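Take a look at the protein below before reading on. This report moves from its core to its charged pairs and then to its surface.

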Amino acid sequence: METKKVLTRKNKPTEELHETVKKNYKSLELSYVEAYYLDYEVDENTGMINREKQVKHYTKNQITRNLKALKSAYLVAKGAAAPDEIINFRTKYHIAASTLSVVLGFSKNTISNIENEGVTSLASGRLIKMCLNNLDIMSHYVKICDAIDNHKKTEISQKLMQQGL
């Protein structure tokens, strides 16, 4: 992850920090990486700043990213493909994200978006995971895909068969 700078109360730049967080929700253990920065503790009632103690604070952008990461962790726990699983599959079989997207019937950038921002829906995440785990299904999707030419279909099918053995 790239390191981002956040301004503290004294307008001094500080590093964005990351921590793996584990939460239990509906008997599922969710694990995701949370972004935050450290700054002085503030008493919410008086507005007084305690310069003796630093606590976690979140920018609006960090809150948005953390919520997306939590949602993605929940969907992965419910059976959706994790972004790392998709990346590993594509790397193993040398398939571009845009090609995988259209083979599975998504828009051209869907797989890339999932890899960068996390899973967005349980249905699409489960479909992707099912296809990644079953080369017969993936091969079938390649064969029936109208969005790629026959040469590309043959190339992908051969990669799937060679690596799958």
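**The main core**

The largest nonpolar core has 24 residues. Ile 86, Phe 89, Leu 100, Leu 104, Ile 128 and Met 138 have the most contacts inside it. Which elements build this core? Two or more residues come from each of these: helix H2 (83-93), helix H3 (97-104), helix H4 (110-117), helix H5 (122-133), helix H6 (135-144) and helix H7 (150-164). H3 gives the most, with four residues. In soluble globular proteins, nonpolar side chains tend to be buried together.

Keep in mind that this is a predicted model. The mean pLDDT of the protein chain is 90, and 96% of its residues reach 70 or more. Among the elements, H5 has the highest mean pLDDT, at 95. Strand S1 (residues 5-7) has the lowest, at 80.

Start with Met 138. Leaving out residues up to four places away in sequence, Met 138 touches Phe 89, Leu 100, Val 103, Leu 104, Cys 131, Leu 132 and Leu 160. Phe 89, Leu 100 and Leu 104 are also among the residues with the most contacts inside the core.

Now take Ile 128. Helix H5 holds this residue. Is Ile 128 buried or exposed? Its relative accessibility is 1%, so Ile 128 counts as buried. The cut-off for buried is under 20%. Ile 128 touches Ala 81, Ile 86, Leu 104, Phe 106, Ile 111 and Ile 114, again not counting residues up to four places away in sequence. Leu 104 is in the contact list of Ile 128, and Leu 104 is in the list of Met 138 too.

How far is Ile 128 from Glu 16? In sequence, the two are 112 residues apart. In space, they are 32 Å apart, C-alpha to C-alpha.

**Charged pairs**

Next come the charges. Side chains of opposite charge can pair when their charged atoms come close. How many salt bridges does the structure hold? There are nine. The table shows three of them.

| Salt bridge | N to O distance |
|---|---|
| Glu 34 and Lys 56 | 3.4 Å |
| Glu 117 and Lys 68 | 3.5 Å |
| Glu 155 and Lys 152 | 3.8 Å |

Glu 34 has 9% relative accessibility, so Glu 34 counts as buried. Lys 56 has 32%, so Lys 56 counts as partly exposed.

Glu 117 forms a salt bridge with Lys 68. Why does this pair tie together parts of the chain? Glu 117 lies in helix H4 and Lys 68 in helix H1, so the pair joins parts that are 49 residues apart in sequence. Both ends are partly exposed: Glu 117 has 47% relative accessibility, and Lys 68 has 41%.

Glu 155 and Lys 152 also meet in a salt bridge. They are three residues apart in helix H7, so about one helical turn separates them. Glu 155 is partly exposed at 27% relative accessibility. Lys 152 is partly exposed at 29%. Salt bridges can also share partners. In this way Glu 19, Glu 34 and Lys 56 are joined into one network.

**On the surface**

Tyr 58, Ile 63 and Leu 67 form a nonpolar patch on the surface. Together they have about 270 Å² of accessible area. Where is Tyr 58? Tyr 58 sits in the loop between strand S5 (49-57) and helix H1 (60-77). Its relative accessibility is 34%, so Tyr 58 counts as partly exposed.

**Two loop residues with positive phi**

Ser 27 has a positive phi of about 65°, although Ser 27 is not a glycine. Ser 27 lies in the loop between strand S3 (17-25) and S4. Ser 27 is exposed, with a relative accessible area of 77%.

His 94 also has a positive phi, near 55°, and is a residue other than glycine. The loop between H2 and H3 holds His 94. His 94 is exposed, with a relative accessible area of 56%.

Terms used. Residues numbered from 1 in each chain as written. Heavy atoms only, no water. Patch = residues over 30% accessible without salt bridge, like charges linked within 9 Å, V, L, I, M, F, W, Y side chains within 5 Å. Areas by Shrake-Rupley, 256 points an atom, 1.4 Å probe, with all protein chains shown as cover. Salt bridge = Lys/Arg side-chain N within 4 Å of Asp/Glu carboxyl O. Buried < 20%, exposed > 50% of the residue type's maximum accessible area, 1.4 Å probe, protein only. Core = buried A, V, L, I, M, F, W, Y, C linked by side-chain atoms within 4.5 Å. Contact = heavy atoms within 4.5 Å. pLDDT = per-residue confidence, 0-100.
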